Amino acid sequence: MLEEPPIVDEECDRGFIKKITEFGGGDVQVCMQCGNCTGVCPVSMKTENKVRNIIKMCQMGLKERVLSTPWVCATCYRCFEHCPSGMNPAELIVALRHIVVREVGPPPFVVETSHNVADLGQSMKLSANIMEMRKEIGLPAEPFDKLFRDKAVNDIRTIMRATGFDKLIGIKLGD
Amino acid sequence: MIPNRYPGIEQSIRKVIEGLGYGEKFADLPQATCCPVPGVFYSSDKSTWLALAARNLCLAQDRRLEMVTLCNGCFASLLKATECLSKPTTMGEVNKVLREICMKYTGVPRISPEGRRVLEPVKVRHFIDVLYNDVGVDAIRSAVVRPLGGVKVAVHYGCHYLRPTETGAIEDPGDPHMVDDIMAALGAESVDYQSKLDCCGAGGGVRSHVSELAAAISKDKYDHIESAGADCIVTPCPFCLLQMDTVQERFEGRKIPVLHAAQIIALAMGADRRMLGLDFHKVPVDGVLSKTRGG
């Protein structure tokens with residue numbers, strides 16, 4: 001953070017804290033900057049993205065700076081376990097991701113996995129290799145009966161349309 | 001993820017359930033889908049996440065079943081969904097969406113001790129909880145036909161086993177023992193190591209989004225497990241398995257095989273090892289297999 005440009009008043013977005021709360025990130029103002037979260041965070045240990053700094057930037061409304069920090073929380077919830085103020089920093093990160101998806105756009109893996117779920121009902125594709133493996137170990141090549149799978153996929157697409165997820169992520173749902 | 005990436009885990013749990021004589025107590029949910037994966041859906045749109053999870057929960061609810069998962073991620077995702085759905089307003093909003101697919105989440109009716117009809121959330125359980133608390137370690141020990149004497153196991157619990165939700169922990173997240181106890185019942189020795197309760201690094205989309213960072217986090221764990229002299233890593237989560245198994249091609253030194261808990265239990269219970277999908281792991285599992293008596 002020391003190498004970052006000085007903070008100017010215009011950077012501070014007064015509505016940011018409220019927005020974080022709306023997306024379920026909790027009240028960032030209860031954080032007293034003790035740094036316990038950073039001390040137990042596997043990502044903070046390996047990168048410059050320290051949880052405590054992110055929370056401080058949220059408190060100050062430094063929205064642009066926060067939203068440009070990478071999508072790198074493992075959601076291990078150790079921070080929550082160690083927070084003496086009762087905050088759940090991992091849930092704050094989840095809220096920030098909601099804002100990133102809406103204002104910057106979803107990262108590529110989110111688009112790809114959403115596609116898989118909408119097309120197959122599963123997060124990962126079923127490759128020819130795996131189908132072969134399934135047969136070799138005595139399972140049906142296709143894990144799900146086609147009729148059930150088609151119905152499930154249809155349900156998923158209906159849900160995604162109803163919540164507007166397809167538009168939010170920018171995926172096209174088949175019929 | 002299990003059926004499409006690690007079908008050996010699927011086959012293993014089928015063998016374990018059958019071998020323990022619990023075949024009739026379990027049923028498949030053929031319409032079930034991805035939980036959905038929290039690093040993608042819970043992170044980007046909670047209302048879609050909750051509706052998709054509620055759809056899966058309805059499948060169990062309508063058949064009056066508990067939902068058992070073989071994955072820490074599914075466990076946390078579905079358990080958190082039942083907690084969210086306990087709020088009547090949230091349940092109402094979700095049901096507006098579910099109406100479009102002719103489903104409704106209400107919870108499961110039960111008769112309270114006072115004789116009243118109450119609705120309880122669909123019960124979401126991790127299979128380790130079921131094995132430990134319903135089946136019991138003694139029953140597992142009795143079912144072992146190929147004891148794992150001499151096998152040193154490094155147990156990796158994984159974050160969402162330890163901390164699925166703010167209040168839903170199965171056991172003390174600071175001092176878990178269920179998987180260790182099950183390993184002991186199989187005859188294996190669970191070795192302690194420094195970062196035992198730490199994250200594998202893959203969760204929350206880190207592996208998919210910044211794989212080098214996930215690998216850097218895994219490296220610490222790998223180093224500690226390596227110096228503890230473990231023969232293999234055992235985890236109750238397929239995603240941690242994927243990470244700890246595939247990440248090792250980046251590291252110098254001894255390769256340590258990684259097994260899902262269901263696989264090693266099935267192995268000890270005498271299942272044909274070719275049926276457990278072990279040959280398809282990146283790090284060969286042969287070393288562990290040759291240590292098992294009669295294996």
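This is a predicted model: local features need pLDDT of at least 70, side-chain atom pairs count only at pLDDT 80 or more; totals for chains, interfaces and linings use all residues.
Let's begin with chain B.

While we're looking at A:Ile20, find it in helix α1 of chain A, which runs over residues 16-22. Is A:Ile20 buried or exposed? Count the other C-beta atoms within 10 Å and you reach 24, so A:Ile20 is buried; the cut-off for that label is 20 or more. Setting aside neighbours within four places in sequence, A:Ile20 is in contact with A:Gly25, A:Val28, A:Cys58, A:Leu92 and A:Ala95.

Now for the place where the chains meet. Chain B brings 51 residues to the contact, and chain A brings 55. On chain B's side, α1, α2, α3 (41-44), α4, α11 (206-209) and α12 (211-227) each supply at least two residues. Which helix of chain B gives the most to this side? That's α4(B), with 6 residues. By class, the side of chain B that touches chain A has 24 nonpolar, 17 polar and 10 charged residues.

One of those helices, α2 of chain B, deserves a stop of its own. It covers residues 7-19, 13 residues in total, and spans 18 Å from its first C-alpha to its last, close to the 18 Å expected at 1.5 Å a residue. Of these 13 residues, 10 are buried, so α2(B) is largely enclosed by the rest of the structure. Among the buried ones are B:Pro7, B:Gly8, B:Ile9, B:Ile13 and B:Val16, but B:Glu10 and B:Lys15 are buried as well. What do the buried residues of α2(B) pack against? From chain A there is α9 (128-136), and from chain B there are α1 (2-5), α7 (127-135), α13 (238-246), β8 (258-260) and α14 (261-268). After α2(B) comes B:Gly21, which has a positive phi near 80 degrees.

Next, follow the strands of chain B. Four of them, in the order β6-β5-β7-β8, form an open sheet with parallel pairing. The edge strands are β6 (189-190) and β8, each pairing on one side only. Step across the sheet from β6: β5 (residues 152-155) pairs with β6(B) over 2 bridges, and B:Val153 has B:Ser190 as its bridge partner there. On to β7, which β5(B) meets through 3 bridges; here B:Val155 is partnered by B:Val234. Finally, β7 (residues 232-235) is joined to β8(B) by 3 bridges, and B:Thr235 stands opposite B:His260.

There is an antiparallel pair in chain B to look at too. Strands β2 (residues 108-111) and β3 (residues 117-120) pair that way over 4 bridges, with B:Pro109 opposite B:Leu119. This hairpin has 5 residues between its strands, and B:Gly115 takes a positive phi near 85 degrees in it.

Last stop: the largest nonpolar core, which has 138 residues. The residues with the most contacts inside it are B:Ala54, B:Leu57, B:Leu78, B:Ile182, B:Cys232, B:Val234 and B:Ile265. Helix α4 of chain B (residues 46-62) contributes the largest share of this core, with 9 residues. To see how one core residue is surrounded, zoom in on B:Cys232. Ignoring neighbours within four places in sequence, B:Cys232 is in contact with B:Val151, B:Val153, B:Ile256, B:Pro257, B:Val258, B:Leu259 and B:Val288.

Note on methods. Residues are numbered from 1 along each chain as its sequence is written. Chains are lettered from A and ligands numbered from 1 in the order in which they are written. The expected span of a helix is 1.5 Å times one less than its number of residues. A residue is buried if 20 or more other C-beta atoms lie within 10 Å of its own, exposed if 12 or fewer, and partly exposed in between; C-beta atoms are placed from the backbone. Two residues are in contact if their C-beta atoms, placed from the backbone, lie within 7 Å. A nonpolar core is a set of buried Ala, Val, Leu, Ile, Met, Phe, Trp, Tyr and Cys residues joined through C-beta atoms within 7 Å. Ala, Val, Leu, Ile, Met, Phe, Trp, Tyr, Cys and Pro count as nonpolar, Asp, Glu, Lys and Arg as charged, and the others, Gly among them, as polar. Two strands pair if DSSP finds at least two bridges between them.
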